[in-house]
Structures are given as structure tokens and as C-alpha cells.
Amino acid sequence: MIQEIANINWLAVLVAAILRLVVGSIWFSPVAFVKPWQQLTGVTPESMRAGLGKAIGVDIVLSLVMSLVLYHAIMYATNMAPNAVGGLLVALLSWLGFVLATHLPLWAYENRSFKLISIGTGSNLVSMLLMGLLFGLWH
């Protein structure tokens, strides 16, 4: 276990987590999807600003968790010799199996807007593909 921790490319994990935060900040900005997201969720600019500190803190921690878990998945799935295609494929399959599979039922069971589900899962898809590509190229 200790040797495995020592073999982790912590800089790549950190950069991938930052990459996810950057994608999210662009995705949920005025140039992309913040307005339809706000309309669908009822989040106002004022309530968004009020909870921003907590939201950013949670997002930083969970971006690091996602990055570390995806890193491990790619390393194990590619027998510690990842490449760009392997990284992208593991990221895509992880998104399908864990993100889409847990969010799409919210549309089916809870009648949540498909557009809202698409905005949230789309951000994760882009983030995870970029993270997978990064891990595939930089290991």
C-alpha cells in the first residue's frame, strides 16, 4: 500500500483536479450554461454568491477525490502503461457507469428535467475525458 501511494503521480492528480475545476467554472458561466441551469434549478445569482465559498470548498475536495479515483482506474485498467486512447476509454466508461448511471434515474424516477441532467452530466463528461487524456499522456 505504501509503495502504491509512492507511485502515484500526485502532480498529475492535482493538475487533473484543477482541470475539472476550470471546466466547471467555464461550463457554469455566462458564456455557457449558467442561465439555463439557474432557470431549471431556481438558483439566483444572489443565492449562488451566498453559497459560493462552501460550494468551492466542496468542489475542490471532490475534484481531488474524482481525480485520484480516475487515476487509479486508468492505471489498473491499462496495467500501469496508459496511453491517450486508454485514458479516454477508461474515463468514458467510468462516466457512463458511474455518472450517467446515477444521474439519469433522476430524470426517470423524479421527473427532473432532462436538460438539467444533461448540463450536469455534460460537465462531468468533458472533465473526465480531459482528465483521462491527461493521465493517459502523463503517467
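The legends below describe close-up views of a predicted model.

Figure 1. Read along the sequence, the pattern is α-α-α-α-α-α-α. The C-alpha trace spans about 45 × 30 × 25 Å along its principal axes. Of the 139 residues in the protein, 33% are buried. Among contacts between residues at least 6 apart in sequence, 77% join residues at least 24 apart.

Figure 2. The buried residues of H2 are Ala12, Val13, Ala16, Ala17, Arg20, Val23, Gly24 and Trp27.

**Figure 3. Ser123 is shown in helix H7 with its contacts from elsewhere in the chain.** Ser123 has a relative accessible area of 7%, under the 20% limit, and therefore counts as buried. Leaving aside neighbours within four places in sequence, Ser123 is in contact with Val23, Gly24, Trp27 and Phe28. Three of these contact residues, Val23, Gly24 and Trp27, are themselves among the buried residues of H2. Ser123 is also one of the residues that lie nearest the centre of the largest pocket.

**Figure 4. The largest pocket holds about 1100 Å³ of space.** Its lining is made up of 33 residues, and Arg20, Phe28, Asp59, Ser123 and Asn124 lie nearest the centre. By type, the lining divides into 20 nonpolar, 10 polar and three charged residues. H5 gives the most, with 11 residues.

**Figure 5. Helix H5 (52–77) is shown from its first C-alpha to its last, a reach of 36 Å.** H5 has 26 residues, and this reach is close to the 38 Å expected at 1.5 Å a residue. The buried residues of H5 are Ser63, Met66, Ser67, Leu70, Tyr71, His72, Ile74 and Met75. Just after H5 comes Asn79, with a positive phi of about 50°.

**Figure 6. Asn79 lies in the loop between helix H5 (52–77) and helix H6 (84–110).** Asn79 has a relative accessible area of 67%, over the 50% limit, and therefore counts as exposed. Its phi is positive, at about 50°. Most residues other than glycine have a negative phi. The C-alpha atoms of Asn79 and Pro36 are separated by 42 Å, and the two residues are 43 residues apart along the chain.

**Figure 7. Asn111 lies in the loop between H6 and H7.** Asn111 is not a glycine, yet it has a positive phi of about 55°. With a relative accessibility of 67%, Asn111 counts as exposed.

Definitions and conventions. Residues are numbered from 1 along each chain as its sequence is written. This is a predicted model: local features need pLDDT of at least 70, side-chain atom pairs count only at pLDDT 80 or more; totals for chains, interfaces and linings use all residues. Side-chain values use heavy atoms; hydrogens and water are left out. Helices (H or I, at least four residues) and strands (E, at least two) are DSSP runs, numbered from the N terminus. Buried means under 20% relative accessible area, exposed over 50%, partly exposed in between (1.4 Å probe, protein chains only). On a 1 Å grid over the protein atoms alone, a cavity is a set of points where a 1.4 Å probe fits but cannot get out, and a pocket is an open set with protein on both sides within 12 Å along at least five of seven lines; lining residues have an atom within 4 Å of a point. Grid points are joined across faces, edges and corners, and a volume is the space filled by probe spheres set on the points. Ala, Val, Leu, Ile, Met, Phe, Trp, Tyr, Cys and Pro count as nonpolar, Asp, Glu, Lys and Arg as charged, and the others, Gly among them, as polar. The expected span of a helix is 1.5 Å times one less than its number of residues. Contact means heavy atoms within 4.5 Å.
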